[in-house]
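Colleague: I would like to learn how to read a few features of a protein model. Please take them one at a time.

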Amino acid sequence: MIVRILGEGQLAVDDAMADELNQLDVKLEAAVNAGDEAALRPILAELLARIRAVGTPVPADTLEPSDVILPYADASIADVRGLLSDEGLIPG
Amino acid sequence: MSVVKRVSMIFKAKANRALDKMEDPRETLDYSYQRQLEMLTQVRRGVADVATSRKRVELQMNALQQQQTKLDGQARTALGGGREDLAREALTRKSALQSQLTDLQTQYQSLQADEEKLTAASQRLQAKVEAFRTQKETIKATYTAAEAQTRIGEAVSGISEEMGDVGMAVQRAQDKTAQMQARAGAIDELMASGALDDVTAQPNDDIQRELDQMGGSHDVDRELERLKGELDQGEAPREIEGSAPGAAGTAGNGQAGKAADQPQAGDGS
């Protein structure tokens, strides 16, 4: 699958990573729902570090959409919530 | 639904939305390409803005470091002359500058990281825009409107996602840069007002003035000692013995020089 880390670009990641990704995603969701900034930081850092470690950068001239899009590394709870809202951070 | 899935879905939906309005999919290609070129300009401007900000912070850091070095030298001179009060004052000012400097260093590193990220993003987008342009021409030359639909879908989605990402990165960098510019402006103002102890750059460098006076009287003292030593050895000419006490009397009166508010020539460094 292709994973985009916002601000960093796309990485090709083995599909077998999906389970691990989902587990971290559950923790991420708990932190966001709880508004727990202190909890979010290490989870997001771990999630991105794992993807960077196992992923291979997709060539820049590839025009393929990503399967998964992850928040940027220094995203706060507010930023993540912005990404989750339709009105959010993405310039129209 | 999970955070990651929702982020992915909403991000893509938003990135693609602008393109759904086009009736002829081939129009979508041209429209998207136009947007891509605009985005490229925008991201390059973003890189330039961040670089300008970084250079400004760098200049301020250099200025603060120079002041610190100068204050350090003044403290040394003051202490050498037995003026611990002056040395303490110089060191106090030096340490006040340190927190500003630390803050600037953090800003500098942050701007440097942003600049690198944006530069990389700009290069990625450039490569994708180039690839898109080639595909666009192929699709337009080869397919009818109906046939083009599916071919266009993926290319457009892929680049729209990239543009959404880059657009967001530029926006964030610009917001951050604007904040830092405001802080940098505040430091410039503080420096201009003298509140940041920019004493060494001003004619009214009180520490330096006292040091200069102190230096003057010390030279005379040293000279006196030398002469006394010579006299003791019976080698000194008579006329020097006569002039020395007068010189010492003038220089020793340190308060007299303070009234004259003259710029110190030694401040130019």
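Modeller: Start with a polar contact, a pair of N or O atoms within 3.5 Å; within protein, one must be able to donate a hydrogen and the other to accept it, and residues adjacent in sequence count only if both atoms are side-chain atoms. Here the side chains of A:Ser66 and A:Gln10 are joined by a polar contact of 2.9 Å. This is a predicted model, in which local features need pLDDT of at least 70 and side-chain atom pairs count only at pLDDT 80 or more, while totals for chains, interfaces and linings use all residues. Residues are numbered from 1 along each chain as its sequence is written, chains are lettered from A and ligands numbered from 1 in the order in which they are written, and side-chain values use heavy atoms, with hydrogens and water left out.

Colleague: Is A:Ser66 buried or exposed?

Modeller: Buried means under 20% relative accessible area, exposed over 50%, and partly exposed in between (1.4 Å probe, protein chains only). A:Ser66 has 1% relative accessibility, so it counts as buried. A:Ser66 sits in the loop between strand 3 (56-57) and strand 4 (68-70) of chain A. Helices (H or I, at least four residues) and strands (E, at least two) are DSSP runs, numbered from the N terminus.

Colleague: Which residues does A:Ser66 touch, not counting residues up to four places away in sequence?

Modeller: Contact means heavy atoms within 4.5 Å. With those residues left out, A:Ser66 touches A:Ile2, A:Arg4 and A:Gln10, along with B:Lys12 and B:Glu161.

Colleague: And B:Ser2, where is its place?

Modeller: B:Ser2 is in the segment before helix 1 of chain B. Its relative accessible area is 14%, so B:Ser2 is buried. A polar atom of the B:Ser2 side chain lies 3.1 Å from the backbone nitrogen of B:Lys5. Not counting residues up to four places away in sequence, B:Ser2 touches A:Asp25 and A:Glu29.

Colleague: How are two packed helices described?

Modeller: By the angle between their axes and the distance between the axes. Axes are lines fitted to C-alpha atoms, for helices over the stretch in contact, and angles run from 0 to 180 degrees between N-to-C directions. The axes of helix 1 (residues 18-34) of chain A and helix 1 (residues 3-17) of chain B come within 8 Å and cross at roughly 85 degrees. Angles under 35 degrees count as roughly parallel, over 145 as roughly antiparallel, 65 to 115 as roughly perpendicular and the rest as oblique. These two helices are therefore roughly perpendicular to each other. Chain A contributes A:Asp25, A:Leu28, A:Glu29 and A:Val32 to the contact, and chain B contributes B:Val3, B:Val4, B:Lys5 and B:Arg6.

Colleague: At what angle do helix 1 and helix 3 of chain A pack?

Modeller: Helix 1 and helix 3 (residues 77-84) of chain A pack at about 105 degrees, with their axes 10 Å apart. They are therefore roughly perpendicular to each other. In this contact, A:Ala31, A:Val32 and A:Asn33 of helix 1 meet A:Ile77, A:Val80, A:Arg81 and A:Leu84 of helix 3.

Colleague: How many helices and strands does chain B have?

Modeller: Chain B has seven helices and zero strands. Of the 269 residues in chain B, 39% are buried. B:Arg45, in helix 2 (residues 25-80) of chain B, is exposed, with a relative accessible area of 51%.
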